[in-house]
Amino acid sequence: MIASWNNEGLPSDRMSAENATILTYSSRWPLMIDPQLQGIKWIKQKYGEELTVLRLTVRGYLDVIERCVVNGKILLIENIGETVDAVLDPLLGRMLVKKGRCLRMGEKEIDYNPNFQLILQTKLANPHYKPEMQAQTTLINFTVTRDGLEEQLLAEVVKAERPDLEKQKADLTTEQNRFKITLKLLEDDLLSRLSSAGENVLEDASLVLNLEKTKKTAAEVEIKVRESRKTSEAIDIAFESYRSAAERASILYFILNDLHKINPIYQFSLKAFTTVFKDAIAKTPPADKLKDRVTNLIESITFAVHMYTTRGLFEKDKLIFMAQMAIQILLHAKEIDPSELDFLLRFPYTPNLTSPFDFLSNSGWGGIKALANMDEFRALDKDIEGSAKRWRKLTESECPEREKMPGEWKNKNALQRLCIMRCLRPDRMTYAIRFFVEEKLGARYVEARTVEFARSFEESSASTPVFFILSAGVDPLKDVEKLGKKMRYSSDYGNFYNVSLGQGQEVVAEAAMDVACKEGHWVILQNIHLVAKWLPTLEKKMEATQEGAHGNYRLFISGEPAPSAEYHIIPQGILESAIKITNEPPTGMLANVHKALDNFNQETLEMCGKEAEFKAILFSLCYFHAVVAERRKFGPQGWNRSYPFNVGDLTISVYVLYNYLEANNRVPWEDLRYLFGEIMYGGHITDDWDRRLCRTYLEEFMQPELVDGDLNFATGFPAPPNLDYVGYHNYIDDNLPSESPHLYGLHPNAEIGFLTTLSEQAFKTIFELQPRDSGASSGSSISREDVVKSIIDDFLDKLPEEFNMLELMARVEDRTPFIIVAFQECERMNVLVREVKRSLRELLLGLKGELTITTDMETLEGSLFFDQVPDNWTKRAYPSMYGLQSWFADLLIRIKELEAWSNDFNLPSSVWLAGFFNPQSFLTAIMQQTARKNEWPLDKMCLSCDVTKKWKEDFSAPPREGAYVNGLFMEGARWDVNVGSIASSLMKELFPQMPVIYIKAITQDKQETKNIYECPVYKTRTRGPTFVWTFNLKTKEKSAKWTLGGVCLLLQV
């Protein structure tokens, strides 16, 4: 029976056979969890014409179900969600009435045919069904396992490499099955004769003859079974020699299968993967020895999967995929230690340490200390302290990841060197990962090469569409049109349909697909993300048109990825079967200034009467456009929020410029700056500080000196003279300095910060991609559950009692503004600590089996394991970018500060401003206190910020008026204590600490406005919504420099 199931398309591994057995003989309706669609493929082949396939999204589905129930048909309901319509409950629970002859569905009673069979199927990989659903159905997990897939792929390799062996094995299986059947029949026959024989068995001649025959046949079968067992062992040995190739492919598939966690648009089907796998085997170079052939197979399969996958990934995700590939291959080969990998990905540094070296940050030194506790890194901290000069040289070199490490550390393996490098130079980790992949997999994996569209097209077919994942400013469909013309497919020939979706074009698209699939034409469906409601129809249409389609039929689809997972709408079926291709615009100022200028031509430059002014301002606009667009890559230091600046903003600004110059005798600089900065580009901007930045750029780039040629856009890049169109392009190539933050007005440290953030995000993503059953600690003795339990015990042990609010309030008679702030903070801390304790205790009971695990508990367990602060805690807490362990250490310090303040309610000598849930309330309290004392109106007051030359330890008492605050950091610049002013940052010092700031309230008329930089204060590096206040800081230089440099104060780094 299993053999016949395998012939019907059931995978040949043991788990699939067990699943098929349960499905066939289950007394309840089977519900298949089938994300790879292996189960449904088998069911459709097994039952063929007898099967009715239905989706609950189609109109009139109840009528179809009714017909099947009445006529006793086999019904497959595919692709169900986590819930089904309540009207189906009687069917699922077989709630029959009238002595089991009828079934009530909705208002109707219908005849129930006992031959009726129902099979349910879902594509969801990890569905949560209600207990009733689980009781009514038999859940069968058809999800492919690594071992199961390995067996299937092994059969494919052998089929391709040694078809003789594959046939021999199949024949052998058939023969063995025949033997078993023969023996079973003989045994059954013998037992039946024995049971019907009379008292004297020996007198029954036919029975004795039958016994002899059975004995003789059994002996023959035994001999044949023995022979076939030997043959089977020989075949198995030959099979095993190819196992490493199947093993590698299985590892790669599961990496692919997890990529949707990075972006839900990355969906890959097992069917498509198997095609790539078979093609890779066919293209593998031959070898004389079997061992060499298998090595070639492994390399060919790995590289083919790499190329197939990376062409459909965004640039930032390619490195993550390559790193995960290298890590999983090495983990499987037991070449790397899981605990070291865990350190690299989680970076559990020892918090609250101060680095003794200026070349090492505090968190870097905390990382070294944590590493030194591991066997392979014993005495690393001592070695750095003893040979600081050599370690400084390594840390400050240009490409430290390619340099040799000092002393014995140079003999460490690649992963161990990465662990050390993550402590020393977090900003170089993206380069270090690339070097790691190059070292372990080979240079060709890291060479950034895009696959020509013609090559990708060769892999497409009538049933394999091409899906273009769109990026702003790129039109990939030009490639399709170009190739189409070459192959005689275009609208001129009437065999090329280009449909832009939206505004009722869905009908046109469906008609085009119907014609094209019969005639062998090409169809392009653009921007499918705009027609969310039509997408399920498109998925069904694609399935229908692919069956029996003309061999030349091709479907090309384009769509934008959703900004985040919850907005993802493109169905899995559309994405899985398609070849995915990403096209991203070039990055960097050089490419972007050229691209901005490419929107115009020589005619544009000559169209205005004031040619010199028009050209100069047009070029300035192109540079401005490139700067504001590319500045986004620096994250919040670039722009507080991300804005969709586009080519339309630039072209419309140029037409506005033309009209204004034509209408005025002199250049209206003020008007132009206002139009560009507040309307054309400013129309996108929602944050006041970003608006100031945009305005400052235009004040710098658009002034009369521009026309005279006395203006520099950036250090070393003066405004060009009057040139023609080609001349401007050449001027950019010849004069624009190489890519650096200077081009944007930022300090070089901005790049270090941007690269560090990029690396942190990459490691966080790779950590989340580690196989769920074990996390990064696969192979180690501690299970995921043990890790979580130890974290819970540790947290519950360290958390103090809540503040007794009634007692605190009773101790205070005069409720000053400061004391009210203290009460509010204690109350908010109580809410947070209460929730932390409640959720941890609940999860602990769940892990012990005393409570049912809920979705919330599952989420909390995941957060604890992945070192993330759970959402339920974040909602009640303060903004923070720390990982869970650092966040918890910070929470305990905050509680300690509050305890110290609430002991006597005397204002601390210097207040840790970052320790508040709501720092604004404390700053407002300073104004309220002064307003009450002097009887000043609150709306006429402001805060004056005087940066002292002292640090927290130097103060023993608070000031008479106002407060001393500490714990602030500056980003983008530093505070020069000697000069008493903002100054340029020192290299590699990203967040220098500010001295204590004396804050007091004054009336607005006494506020200093000269030589002042209005500096925004934010709670965290994400800026934007974490804004606290504006501090006026003294500056000796123009404040525009600090605005363009994205200078701000932060409460937490």
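Helices α14 and α18 cross in a left-handed sense. This is seen in a predicted model. Helix α14 covers residues 338–346, and helix α18 covers residues 414–424. Their axes lie 9 Å apart, and the helices pack at an angle of about 30°. Angles under 35 degrees count as roughly parallel. The two helices, α14 and α18, are therefore roughly parallel to each other.

Now look at the residues that meet. From α14 come Glu 340, Leu 341, Phe 343, Leu 344, Leu 345 and Arg 346. They face Leu 415, Gln 416, Leu 418, Cys 419, Arg 422 and Cys 423 in α18. By class, the contact of α14 with α18 has 8 nonpolar residues, 1 polar residue and 3 charged residues. An α-helix has 3.6 residues a turn, so residues three or four places apart point the same way.

Move on to helix α27, residues 611–630.

The last stop is helix α39, residues 884–904, where Asp 890 is found. Is Asp 890 buried or exposed? Its relative accessible area is 8%. Buried means under 20%, so Asp 890 is buried. Which residues does Asp 890 contact, leaving aside its neighbours within four places in sequence? They are Tyr 878, Tyr 882, Trp 912 and Gln 1052.

Notes
Residues are numbered from 1 along each chain as its sequence is written. This is a predicted model: local features need pLDDT of at least 70, side-chain atom pairs count only at pLDDT 80 or more; totals for chains, interfaces and linings use all residues. Side-chain values use heavy atoms; hydrogens and water are left out. Axes are lines fitted to C-alpha atoms, for helices over the stretch in contact, and angles run from 0 to 180 degrees between N-to-C directions. Helices (H or I, at least four residues) and strands (E, at least two) are DSSP runs, numbered from the N terminus. Angles under 35 degrees count as roughly parallel, over 145 as roughly antiparallel, 65 to 115 as roughly perpendicular and the rest as oblique. A crossing is left-handed if the near helix is turned anticlockwise from the far one by less than a right angle, and right-handed if clockwise. Contact means heavy atoms within 4.5 Å. Ala, Val, Leu, Ile, Met, Phe, Trp, Tyr, Cys and Pro count as nonpolar, Asp, Glu, Lys and Arg as charged, and the others, Gly among them, as polar. The expected span of a helix is 1.5 Å times one less than its number of residues. Buried means under 20% relative accessible area, exposed over 50%, partly exposed in between (1.4 Å probe, protein chains only).
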